Amino acid sequence: MTLEARDVVWEAGGTRVLDGVTLRAQPGRVLGLLGPNGSGKSSLLRCLAGLRRPTRGAVLLDGRELRAWPRRAVARRVALLAQEAATELDLSVADVVALGRLPHRGPLGGESPADRAAVAHALALVGLDGWERRRWHTLSGGERQRVQLARALAQEPRELLLDEPTNHLDVRQALELLELVRGLGRTAVVALHDLQLAARYCDALAVLRAGRIVAAGPTAAVLTAGLVADVYGVACEIGVEADGRPEVRGLRPLTRAAP
Amino acid sequence: MIAAGLVALAASLALAVGIGPAGVPIGDVAGIVAHRAGLAPAPAGVSPLQEAIVWDLRLPRALLAILVGAGLAVCGAVLQSLTRNPLTDPYLLGVSSGASTGAVLVLVAGVGSGALALSGGAFAGSAVAFALVLALAGRGAGRGDQRIVLAGIAGTQLFAALTAFVVIWSGDAQATRGVLYWLLGSTAAATWTSVAVCAAVLGAGLAVCAGHARALDAFAFGGDAAATLGVAVARVRVRLYVVTAAVTAALVAASGAIGFVGLVIPHAVRLVCGARHRALLAASAVGGALFLLWADTIARTAFAPRDLPVGIVTALVGVPAFALLLRRGRAAP
Amino acid sequence: MPLPTPPRGAGAACLIAMAAVAAGCGGASAPLAPADAAPEATTVRTCDRDVVVAAPPRRALAMEQNATEILLSLGLAERMIGTAYQTDPPLPELAADYARVPVLAEGYPSRERVLEAEPDFVYSTYASAFAPDAAGPRDALARLGVPAYLSANGCEDPSLLPERVTFAQVFREIRDIAAIFGVQEAGETLVAEQEERLDAARTAVADAGAGETLLWHYSGTTAPYFAGCCGMPATLTGLVGARQAFDDEPQKWFEGSWEAAAALDPSVIVLADLTRGGEGDSAAQKRRFLRSNPVTRRMRAVREDRFVVVAGSETDPTVRSVLAAEKLAAGLRRLARRP
């Protein structure tokens, strides 16, 4: 059992951002969230993380409504990596990653050796070993993204929610990050822009448009040229890789007149 | 490092109690304190007046300065973290403005009289102002960062205008000067009672804030980030607003609206100790206490027989000290 | 409504301008003329300028209590069209006259109110009466043909303030005003009466003041205001032959501490009784505080109840200051006669 959204409707500022979304993450699998800008991907992730309460419908974790879970228990299960993380404080990398240990610490608890080890381990996972003392403000966008991922990993979550985690990363870093996510073997829901990355690293896909799921299922089944043209308005060819995963080729703008 | 600060604080306290316009020899000072604390018999050759000066005037003032400095610094640190605004000070929620209105009503308009009137009036004013600010912020108080700041600004301005109105309406030149004195803050009215009250309020308040050190760390990247780390964001925010407002109101009622301490000490401490709240809160308390104790001692003795309001000294002395720290500290973002 | 400017007003304005340019020739008083002679122009120096009054004013406006009381004491009630900023009840002998003059405001009247009353002479003890939200600057009044007189102790320019406050200044002011209004005889009578009373006070106190140190406590409780040197309190202290606590403090009034006061151990505390109603204003409040505060109640003057009470307005250089001299003399004699 894991994270599940049932008929989630979410309204904000008078607009209906999510209009009856139902999806279920598969335990241990990577679920990709696709959709154009404004389709509601970030909002859906926030609802799944328990940050926003659905106007109607419910988010369930292990079959129980998220609302019924104690907050810290949720924080020990579900970690969210947001698109942007900004602070004015002069924090070190260790400070930031150590935030992920907060759900595990007692109310007066200080930092234990176990916490420090978890921080080091998380940094190693994202390829930033030994970066504990570096200052947050000296980091590039990509490095910050990886530190935040380390923070999320330091929470030792079983469910990982990632909102466009490859935005600031270069080609290699993006591939490495998604390799890492897939290799962790935990349930992951990843919002992605890049169709090729989605095709390569996601076991299943859910495609959003205007707050609704227009397609969901195993990647190979969902990712078709027709869907891409329909949802994104671009043309492409979908091939098959050696390992059976789909491959997106030849992305180009749709021309009005069919050749 | 906190331990070193506490030692410095104890030493400073001893020194502060020993200095003043009435030249009481240091040996006598120690003897008086020991005697009144029940540790030793009365020292010879010390008049009751000298004893009263040390035990009933200097010592309560010094202790009040310590309590107020610690309290304002901690409240400033907490509010800066909650609002993620480095310009926030403990008077964000209208507390000092409201207290000023209450105080001038007593000082100038003759509302109420007697020893408790000024403190009572100030505290009542704080309470009203804070209630108004919370009402203005509405349900957004717990949710968003900026609504409470805007509500605080509005409340502060309203009560500042009311204060000015009362002063202009009823004051003459001398009264206006007296009001200015209160507005700048002073420990001259310290008594053992006010020290005890402040100590109790501060103790309770500090305990609550310290208990939320973890939650305050979580706010580093905003309310949403804190929520994903398991913090009950809205509840924690409101709870801490109430606690800091109550502590600040009690301190302001005893000593007027001393500025600078709550705004700058947390930043100075962050430069030295980092941003983790377990250390930050404790270090802010010690740093604020040390700072205000010295500022008060200077205000009380440097221009004797004149007794300057300590709020003048905090900024005049504090700004150069802070500038030094900024230059030597870690590079700003 | 525009203020009608009679020809003499325009002439006065020109003369004022010329006098301002030729500033520096400032003698204080006018040539003496019999009280009932035909009106002639009077020039007096007030602070930084000479004021020329073409004829004795008939519509005088007094901006504070002292100005009011000097005018009333000179018997000029008929020639006043308004008073303002009265802080204490009028002196009993002036009460009837006071009731006959309209009170324009409890504090300072606004500029409109002042002009509406159409004064031909504005008299003030403090420069704040000529602030933009009160009567307005003296220049502006001069342009409208209204001469304005400011007491020597209230000059805006600190370099023009006399170093010490003396009774001579008060008398000079009385004489100036009397000359302006053409009632020099009444002026001399008033001055003579005040001098007589001062002499009587000196005689009465004899040497009861010698050896006493007076602490003048104006207002405030935990944050008290004391008198420093060179104000009326210093002059009064000298008059009774005593010493003044903090007589080396250059400010006339300053915020002090009880520790410093206790260190000086004054033998008498002079309490100013203010009717303002604020904290530490009334003498009763001050006494209560001094007796209950753990430090002040150990001061000799408080323990032995060595207080003298004067009214707050008497501690400024006013026509009432002579009352303070009398109270001080009486008080010190009373204390000296104690066993």
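Predicted model: local features only at pLDDT ≥ 70, side-chain atom pairs only at ≥ 80, totals over all residues.
Local features are reported at pLDDT of at least 70 and side-chain atom pairs only at pLDDT 80 or more, while totals for chains, interfaces and linings use all residues. Residues are numbered from 1 along each chain as its sequence is written, and chains are lettered from A and ligands numbered from 1 in the order in which they are written. Two pairs of chains are in contact, and chains B and C share the most contacts. A contact means that the C-beta atoms of two residues, placed from the backbone, lie within 7 Å. Helices (H or I, at least four residues) and strands (E, at least two) are DSSP runs, numbered from the N terminus.

**Contacts between chains**

- The contact of chains B and C takes 29 residues from chain B and 26 residues from chain C.
- On the side of chain B that touches chain C, helix H3 (48-83), helix H4 (95-107) and helix H8 (173-184) of chain B give two or more residues each.
- H3(B) has the largest share of that side, with six residues.
- By class, the side of chain B that touches chain C has 18 nonpolar, six polar and five charged residues; Ala, Val, Leu, Ile, Met, Phe, Trp, Tyr, Cys and Pro count as nonpolar, Asp, Glu, Lys and Arg as charged, and the others, Gly among them, as polar.
- Between chains A and B, 24 residues of chain A are in contact with 21 residues of chain B.
- Helix H10 (213-218) and helix H11 (223-228) of chain B each supply at least two residues of the side of chain B that touches chain A, and H11(B) has the largest share, four residues.
- The side of chain B that touches chain A divides into 10 nonpolar, three polar and eight charged residues.
- Chains A and C do not touch, and their nearest C-alpha atoms are 41 Å apart.

**A helix pair in chain B**

- H4(B) and helix H12 (residues 233-255) of chain B have axes that come within 9 Å and cross at roughly 35°; axes are lines fitted to C-alpha atoms, for helices over the stretch in contact, and angles run from 0 to 180 degrees between N-to-C directions.
- The crossing of H4(B) and H12(B) is right-handed, a term that applies if the near helix is turned clockwise from the far one by less than a right angle, with anticlockwise giving left-handed.
- From H4(B), Val95(B), Ser96(B) and Ala99(B) meet Ala245(B), Thr248(B), Ala249(B), Val252(B) and Ala253(B) of H12(B).
- The contact of H4(B) with H12(B) has six nonpolar, two polar and no charged residues.

**Strands of chain A**

- Chain A has nine helices and 12 strands.
- Strand E1 (residues 3-12) of chain A pairs with strand E4 (residues 56-61) of chain A in the antiparallel sense over five bridges; strands pair if DSSP finds at least two bridges between them.
- Arg6(A) has Ala58(A) as its bridge partner in E4(A).
- E1(A) also pairs with strand E2 (residues 15-24) of chain A, antiparallel over seven bridges, and Val9(A) has Asp19(A) as its bridge partner in E2(A).
- The hairpin of E1(A) and E2(A) has two residues between the strands, and Gly13(A) in this hairpin takes a positive phi near 55°.
- An open sheet of six strands in chain A has the order E6-E7-E8-E3-E9-E10 and mixed pairing.
- Strand E6 (78-81) and strand E10 (212-218) of chain A are at the edges, each with a single partner strand, so one side of each has no neighbour in the sheet.
- The twist averages 15° from one strand to the next.
- E6(A) and strand E7 (residues 159-163) of chain A run parallel and are joined by four bridges; the bridge partner of Leu80(A) in E7(A) is Leu161(A).

**Overall form and burial**

- The C-alpha trace of chain A spans about 65 × 40 × 35 Å along its principal axes.
- Of the 259 residues in chain A, 42% are buried; buried means 20 or more other C-beta atoms within 10 Å of the residue's own, exposed 12 or fewer, and partly exposed in between, with C-beta atoms placed from the backbone.
- Chain C has 12 helices and 13 strands, and 50% of its 339 residues count as buried.
- Tyr225(C), in strand E9 (residues 225-227) of chain C, is buried, with 20 other C-beta atoms within 10 Å.
- Tyr225(C) is 32 residues from Ser257(C) in sequence and 8.5 Å from Ser257(C) in space, C-alpha to C-alpha.
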